[in-house]
Amino acid sequence: MTALDERTNDEPTATAMPWPQARRTAGLAAEPLGPLTVPLKRARGSALAEPLFAGLAVPAFDTAAMDGYAVAGPGPWAVTGRALAGHAADVRDLASGQAVEIATGAQVPPGASAVLPYELALRTDGLVTGAIGPGRHIRRRGEECAEGTEVLPAGATVTPTVLGFAASLGCDALTVHRRPRVTIVVTGDEVVRNGTPLPGQVRDALGPLLPGLIDWAGGIALPPTYVPDGRAPLAASLTRTAVDVIAVCGASSRGPADHLRPVLRQLGADILVDGVACRPGHPQLLARLTPGGPLIVGLPGNPFAALAAALTLLAPALGRLCGRTPPPPPRAVLVAPVPAHAADTRLIPVTLASGLATPVGHDRPGLLRGAAAATALAVLPPGGARDVELLLLPG
Ligand SMILES: Nc1nc2c(c(=O)[nH]1)N[C@H]1C(S)=C(S)[C@@H](COP(=O)(O)OP(=O)(O)OC[C@H]3O[C@@H](n4cnc5c(N)ncnc54)[C@H](O)[C@@H]3O)O[C@H]1N2
Ligand code: MOO
């Protein structure tokens, strides 16, 4: 419920914090959650709570990088046997002038000076000839990393690639920060969850949008809860469950049914960010319910404004709680000048190609059309710029 159409409201909010400061505040609003050791399959999306060390050398043994012959000394070479991957016990020392047929991934026998690929080899009876430089096509033990090397710092996100790498280092478990649990509270008597909305109703866009964004940002989203307009239901929803973060959708503005600020005052919450000088999303807020209690992120009801606010306050707060080291923000050059706001940062949906950001339009606060077609939001500071920071959108 709002008193004004969002396009007519251009008044700055007295308490609004500059966008860069608001984002920094959210990224420092809490301490990373405690470490826990989990099996690899449960670690994806978490951040390492301690550096990852190579528990073994990589490769762990001298390995053939090609199918062919492991040869010792100058040719021609007498073929004395075969070395297959996974059969290290069969490996015998090679003397100069000897060779074994070898498969990629097999352990290279001690004494071998190179691997001669089939393509360069001529085999007649038991003899093989060919030209190959010393050391060619042998991946030496430890050449990728020596045993005990730090291979990833604490704070790195455990991506699918990191999981594969950790497994190849012999890890079965990783010590990561606990991921924050997030309740999504969707407010509004007009909000419906299924089907075509009737006149006066609006289909909930945020219950479907936020879980994926929260997962991408490092949190664990609980199923959204829906509360009618009113102080009592909202207050109850903020105190019902033990979670780390509560994202409230709607009720963030100053209309007759916008109860979030009064409820937070009534509950004695500590308000950390009370409005942000950005478009869209200026009514957003960040609060802490009680000392050591959950963070509350107030997201505007307008769906694109909510997305902009989620990237401004919610994602950095979740990144911090789950212990991720934030990467340096990506940047791009706007393909053409874009009108700036005099006092507020604008967040503009763009597509990216070759370092250029192209606005996709359709960026009114109530509509996700532009954002749905975009790969990032360009951060246009007050007064404007061509070279801009980007907020990548969840894929
Ligand atoms: N007097 C003022 N009025 C408004 C201001 C202001 O500063 N002074 N700011 C405007 C801006 S900007 C925004 S954004 C909205 C924020 O409003 P609320 O957070 O209080 O949200 P609602 O009023 O509940 O809803 C706004 C709009 O969004 C629709 N909505 C709500 N929830 C959902 C949902 N889950 N999925 C899809 N759409 C949703 C709702 O029906 C309204 O149309 O306030 C302006 N007003
Ligand atoms: O423009 Mo509002 O700031 O729609 O969030």
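Which residues does Leu116 touch, not counting residues up to four places away in sequence? Let's start there, everyone. The answer is Gly68, Tyr69, Val71, Ala121, Gly130 and Ile132. Please keep in mind that we are looking at a predicted model today.

Leu116 sits in strand β8, which covers residues 114-117. Leu116 counts as buried because it has 26 C-beta neighbours inside 10 Å, and the cut-off for buried is 20 or more. Take one of those contacts, Val71: Leu116 and Val71 are 45 residues apart in sequence, yet their C-alpha atoms are 6.9 Å apart in space.

Now let's step back to the whole chain. The protein chain is divided into four pieces: domain 1 is 17-33 + 179-321, domain 2 is 36-57 + 146-177, domain 3 is 63-139, and domain 4 is 331-392. Taken over C-alpha atoms, the centres of domain 1 and domain 3 are separated by 64 Å. Pro18 belongs to strand β1, residues 17-18. Pro18 counts as partly exposed because it has 16 C-beta neighbours inside 10 Å.

There is also a record to mention. UniProt, in an unreviewed entry, places the feature "domain: MoaB/Mog" at residues 183-320. In this model, that span is 33% helix and 27% strand, and its end C-alpha atoms lie 17 Å apart.

In soluble globular proteins, nonpolar side chains tend to be buried together. Here the largest nonpolar core has 86 residues, and the members touching the most other members are Ala247, Leu286, Val297, Ala310 and Ala317. Helix α6, residues 303-321, gives this core its largest share, 14 residues. What does Ala310 touch, not counting residues up to four places away in sequence? Its contacts are Leu210, Leu213, Leu299 and Ala315. And our friend Leu116 comes back here: a second, separate core of 21 residues includes Leu116 along with Val91, Ala114 and Ile138.

Next, the ligand. There are 32 residues around ligand 1, and Gly250, Ser252, Ser253, Pro300 and Gly301 come nearest. That shell divides into 16 nonpolar, 11 polar and five charged residues.

Ala251 lies in the loop between β19 (245-249) and α5 (260-266). Its phi is near 65°, a positive value in a residue other than glycine. Is Ala251 buried or exposed? Ala251 counts as buried, because 28 C-beta neighbours fall inside 10 Å.

His362 also has a positive phi, about 50°, although it is not a glycine. You'll find His362 in the loop between β26 (356-359) and α7 (369-373). With 15 other C-beta atoms within 10 Å, His362 is partly exposed.

Last stop, cis peptide bonds. Where is there one to look at? A cis bond joins Gly75 and Pro76, with omega about -5°. Pro76 lies in the loop between β5 (68-71) and β6 (77-83). The peptide bond from Arg279 to Pro280 is cis as well, with omega near -5°. Pro280 has its place in the loop between β21 (276-279) and β22 (285-288).

Key:
Residues numbered from 1 in each chain as written. Chains lettered and ligands numbered in written order. Predicted model: local features only at pLDDT ≥ 70, side-chain atom pairs only at ≥ 80, totals over all residues. Near = placed C-beta within 6 Å. Nonpolar A, V, L, I, M, F, W, Y, C, P; charged D, E, K, R; others polar. UniProt positions renumbered as here; feature names shortened; annotations may be inferred. Helix = DSSP H or I, 4+ residues; strand = E, 2+ residues; numbered from the N terminus. Domains from an automatic or database assignment. Buried ≥ 20, exposed ≤ 12 C-beta atoms within 10 Å, placed from the backbone. Contact = placed C-beta atoms within 7 Å. Core = buried A, V, L, I, M, F, W, Y, C linked by C-beta atoms within 7 Å.
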